[in-house]
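Here is a short report on one chain. Please look over the sequence and the structure first.

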Amino acid sequence: MTAFLRVRHAVHIGLNAPDFFAKQRDQFGNTFFVQVPGLNRVLFTSEPEYVSDLFQFPSDVMSSSLPSPIQPLLGERSLILVQGDAHRDERRLLKPAFQGQCLIQYNRFIEDAIETSCKQLQSDPVAQTWMQDVTLDVILRAVFGEEEVSERAEFAAACRRLIGSYTALLLLFPNARFNAWGFSPWDRFLSAREVLDEQIYRVLDRSITRKSDSVVGRLMEEGAATDLHDPKVRRDWRDRLTTLLLAGFETTANTLAWTLYHLTQHPEWQDRIAVSLGRADSREALTRHAMKQPELDSFCKEVMRLHPVVPLVIRSVLSPVEWAGRSLSPGEYAGVATLNIHTDPTLYPDPMRFDPARFLDAKPKLHEYVPFGGGEKKCLGYGFALHEIKIVIATILTRFRIALTSPVYPKPRIQGLALMPKPEIRLTLSPR
Ligand code: HEM
């Protein structure tokens, strides 16, 4: 029965995760067990009180979920996957590069990437691929530095190929990960993995001798590269950088694609945002305005409420614990069903209606709005992502009015690490 349930749940999650979780809630209420493939059963909740508890458990009670379906993609030393002290140490190492002054310095990379991309547009762009190009360019500049990645196009192609090769089948069914003389989906994934690894090692070896404002440059300055000839240290770096690249580009690209889609559906919001931003007389001024503009902020919040591209947060239970009215033992899992919280009518009246105005006067409460997860494992790049989303949208809206080339009703589908709107959203841009 359990095996049957596991397959049924896997297929339903693979086809339409938001629909699956909404149906579970309709049937069982806000807290329910799900048989997630590759894991034992997971107790999911969308009760803010339990979500708050989950995010506050110390790391010896709940930690990164293992085994993880994304381990083959990111590597076992990825910050997303390591537990306990290893997680604390890795997070401590990376965190300074994603806050304060460092974040502000990356704005230049974002401005350059979106400006160049707007100038080079030749025909009606597809929102998903356009935003992937931009966010890949941004994350490569931020992680490796501008001068280091002269072969950015090659790098971007390798990231895309890797994500594309890690299909929902490989993600959700560990049994599908087998070799077949180079012809199985798993073989194709491993070969894509190897190509990206080689590129990462090549740039890493060059970076060690150069100073730069990039994440790698900062970590090198702090002496994080103890001995890059040691295979274990090299492996750690590979997992660290793959994690930043992959976690950093797809999630943001998909959120941006949803944002562009909703802007096409609400031209009045395009004008509201553009008119106020249009007063900026330089790109630095535009960025400063974009960071503070309430309409843009509310619009982005509403997009991430209805489209949290990482729809679930899961933790492994490491010590016996009472949580969400149940006793959980080591080996079991606890999770947050993000979309169910974000569409709970007691928290968000008329929850399926897209209405940015709901955030104009009211800030969302901490555990009622969790697109970036929470606690010690809250998204490391959330500040970076918010800067990027606001600068990209501000740059587009001050240059163009955007519309759909033909009507489309995108739905969220699993691709790589995140939910992506499908089918493609093709845009018509007219200069303002
Ligand atoms: C809109 C864009 C993004 C969304 C919606 C998003 C969402 C998330 C979520 C839900 C988590 C899990 C949090 C938890 O377990 O509590 C996470 C973790 C993480 N994210 Fe993001 N993310 C985004 C962008 C980024 C960017 C730009 C980067 C890097 C530059 C990044 C790097 C990471 C890392 C390294 C973790 C693991 C943190 C840890 O385990 O300590 N993310 N993200």
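## Two residues with positive phi

Alanine 324 sits in the loop that links strand S5 (321-323) to strand S6 (326-328). The model is predicted. Phi of alanine 324 is near 55°, a positive value in a residue other than glycine. Alanine 324 is buried, with 20 other C-beta atoms within 10 Å. The cut-off for a buried residue is 20 or more.

Aspartate 350 also has a positive phi, about 50°, although it is not a glycine. Its loop runs between helix H15 (338-342) and helix H16 (382-399). Aspartate 350 counts as exposed, with 8 C-beta neighbours inside 10 Å. The limit for an exposed residue is 12 or fewer.

## Two cis prolines

The peptide bond from leucine 66 to proline 67 is cis, and its omega is near -5°. Proline 67 belongs to the loop between strand S3 (62-64) and helix H3 (71-74).

A cis bond also joins lysine 422 to proline 423, with omega near 5°. Here the loop lies between strand S10 (418-422) and strand S11 (427-431).

## The chain as a whole

The chain has 16 helices and eleven strands. Its radius of gyration is 21 Å, close to the 22 Å that the globule rule gives for 432 residues, so the chain is as compact as a globular protein of that length. The C-alpha trace spans about 60 × 55 × 40 Å along its principal axes.

Of the 432 residues in the chain, 42% are buried. Take the contacts between residues at least 6 apart in sequence: 72% of them join residues at least 24 apart.

## Helices H7 and H9

Two packed helices are described by the angle between their axes and the distance between the axes. Helix H7 (residues 152-165) packs on helix H9 (residues 185-207) at an angle of about 155°, and the axes are 9 Å apart. That angle makes H7 roughly antiparallel to H9. The crossing of H7 past H9 is left-handed.

From H7, the contact draws on Glu154, Phe155, Ala158, Cys159, Arg161, Leu162 and Ser165. From H9, it draws on Arg188, Phe189, Ala192, Arg193, Val195, Leu196 and Gln199. By class, the residues of this contact are eight nonpolar, two polar and four charged.

## Helices H11 and H14

The axes of helix H11 (residues 231-265) and helix H14 (residues 294-306) cross at roughly 115° and come within 10 Å. H11 and H14 are therefore roughly perpendicular to each other. H11 passes H14 in a right-handed crossing.

Which residues make the contact of H11 and H14? H11 supplies Thr255, Trp258, Thr259 and His262, while H14 supplies Cys300, Val303 and Met304. The contact of H11 with H14 has four nonpolar, three polar and no charged residues.

## Leucine 103

Leucine 103 is part of helix H5 (residues 100-120). Is leucine 103 buried or partly exposed? It is partly exposed, with 16 other C-beta atoms within 10 Å.

Neighbours within four places in sequence aside, leucine 103 is in contact with Phe98, Gly383, Phe384 and His387. Aspartate 19 is 84 residues from leucine 103 along the chain, and the C-alpha atoms of the two are separated by 36 Å.

Conventions
Residues numbered from 1 in each chain as written. Predicted model: local features only at pLDDT ≥ 70, side-chain atom pairs only at ≥ 80, totals over all residues. Helix = DSSP H or I, 4+ residues; strand = E, 2+ residues; numbered from the N terminus. Rg over C-alpha atoms; globule rule 2.2 N^0.38 Å. Contact = placed C-beta atoms within 7 Å. Axes fitted to C-alpha atoms, helices over the stretch in contact; angles between N-to-C directions. Parallel < 35°, antiparallel > 145°, perpendicular 65-115°, else oblique. Left-handed = near helix turned anticlockwise from the far one by under 90°. Nonpolar A, V, L, I, M, F, W, Y, C, P; charged D, E, K, R; others polar.
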